[in-house]
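Welcome, and take your time with the sequence and the 3D view. We will walk through a few places together, one stop after another.

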Amino acid sequence: SELRLRKALDEKTPIIGSWIQTSSPTCAEILANAGFSWLGIDAEHTSVGIQGIEAIARAIHGRDTALLVRVSRADTIEIRQCLDVGAAGVIVPMVETAAQARMAVAAAKYPPDGVRGYCFGRMNDWGSNFDEYAAAANNSVVVIAMIETKAGVENIDEILAVPELDGIFIGPYDMSGSYGVPGQTQHPHLKKAYQSLVDACRHHGKVAGQHIVNSTPEKLSEAVALGYTFICLDADIILINQSARTAMETARKS
Ligand code: 3PY
Ligand code: MG
């Protein structure tokens, strides 16, 4: 599963994931079985803690679905804990400078590339796979920077120049706040900023990611046409919310 994610990121072929905001291993298993290539647990804005992340990693183990965690910040301990329980990589919010991108990468990589600490953990089968995992991890672990402020857009070239950074993921809501048009995620200034990010990624050979909320086939084709290859469709809470409301609407009408 990590390999499929890494391959898609390297080849810049569109790869479709979804988002997890609940700590339910059952919901995560359903999403994995539905065929998403990756699932991103939101540990920045939700109550899903490290035990929830570990439970979800177990629930989707053996599927062709890589687990990513949107951590709360570029913290070395938080990032290593996510990787040690089995995440294939991290999505780091609010990256605005190359220094912050370097910190994120360093937290996720073993020496000499970074400062990640060694341990026996889920990721190396509790030590049984210690040497193999340690040898492969710096290559396989994925680090994505969220660009969600005007400063991040302005510094995108220096951020993408950090060699081990795999790409970026846009945070449209925080971006709209940063541009002084809160909630207007499709404001012309934002659309221009998004396109400059996608162009910069193409120039640096990195992936550009976008979250499509209330997804439709049209929104997905538009994202692919614009050059996004790391695509997130909806979220566990959105999918269940929509289905529940649709079911009740239908029931009320019948
Ligand atoms: C944002 O839009 O700010 C996000 O972080 C979306 O995940
Ligand atoms: Mg955000």
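Let us begin with D125, which sits in the loop between helix 5 and helix 6. Keep in mind that the model you are looking at is predicted. The backbone of D125 has a phi near 50°, a positive value in a residue other than glycine. Is D125 buried or exposed, or something in between? With 43% relative accessibility, D125 counts as partly exposed, because that label covers values between 20% and 50%.

Stay in this part of the chain a moment longer. P112 also belongs to the loop that runs between helix 5 (98–108) and helix 6 (130–140). Look at the link from P111 to P112: the peptide bond there is cis, with omega at about 10°.

A positive phi turns up again at N214, where the angle is near 50° and the residue is again not a glycine. You will find N214 in the loop between strand 7 (207–212) and helix 11. N214 is partly exposed, at 41% relative accessibility.

If you follow the chain onward, you come to G227, in the loop that joins helix 11 (217–226) to strand 8 (230–233). G227 is partly exposed as well, its relative accessible area being 23%.

T13 is located in the loop between helix 1 (2–11) and strand 1 (15–20), and its relative accessibility of 35% makes T13 partly exposed. T13 and V224 are 211 residues apart in sequence, yet their C-alpha atoms are 9.6 Å apart in space.

Our next stop is the magnesium ion, which is ligand 2. Which residues coordinate the magnesium ion? They are E148, through OE, and D174, through OD, at 2.0 to 2.2 Å. This pair brings together distant parts of the chain: E148 lies in the loop between strand 5 (142–147) and helix 7 (150–154), while D174 is in helix 9, 26 residues away. The two residues also fall into separate accessibility classes. E148 is buried, because its relative accessible area is 2% and buried means under 20%. D174, at 33% relative accessibility, counts as partly exposed.

What do the polar atoms do around ligand 1? A polar side-chain atom of D174 is 2.8 Å from an oxygen atom of ligand 1. The backbone takes part too: an N or O atom in the backbone of Y173 lies 2.7 Å from an oxygen atom of the ligand, and a polar backbone atom of P172 is 3.1 Å from one. On its own, ligand 1 has 230 Å² of accessible area, and the protein covers 89% of that.

Next, turn to D84, which is found in helix 4 (residues 76–84). D84 is buried, with a relative accessible area of 13%. What does the side chain of D84 make a polar contact with? Its partner is the side chain of R116, at 2.8 Å.

We finish with the cysteines. How many disulfides does a search of the whole structure find? The search finds 0. C27 is in no disulfide, and the nearest cysteine sulfur, that of C232, is 15 Å away. C27 is partly exposed, with a relative accessible area of 27%. C82 is buried, with a relative accessible area of 2%.

Note on methods. Residues numbered from 1 in each chain as written. Chains lettered and ligands numbered in written order. Predicted model: local features only at pLDDT ≥ 70, side-chain atom pairs only at ≥ 80, totals over all residues. Heavy atoms only, no water. Polar contact = N/O pair within 3.5 Å; in protein donor to acceptor, adjacent residues only side chain to side chain. Areas by Shrake-Rupley, 256 points an atom, 1.4 Å probe, with all protein chains shown as cover. Donors = N, O, S within 2.8 Å, 3.2 Å for Na, K, Ca; no water. Helix = DSSP H or I, 4+ residues; strand = E, 2+ residues; numbered from the N terminus. Buried < 20%, exposed > 50% of the residue type's maximum accessible area, 1.4 Å probe, protein only. Disulfide = S-S within 2.5 Å.
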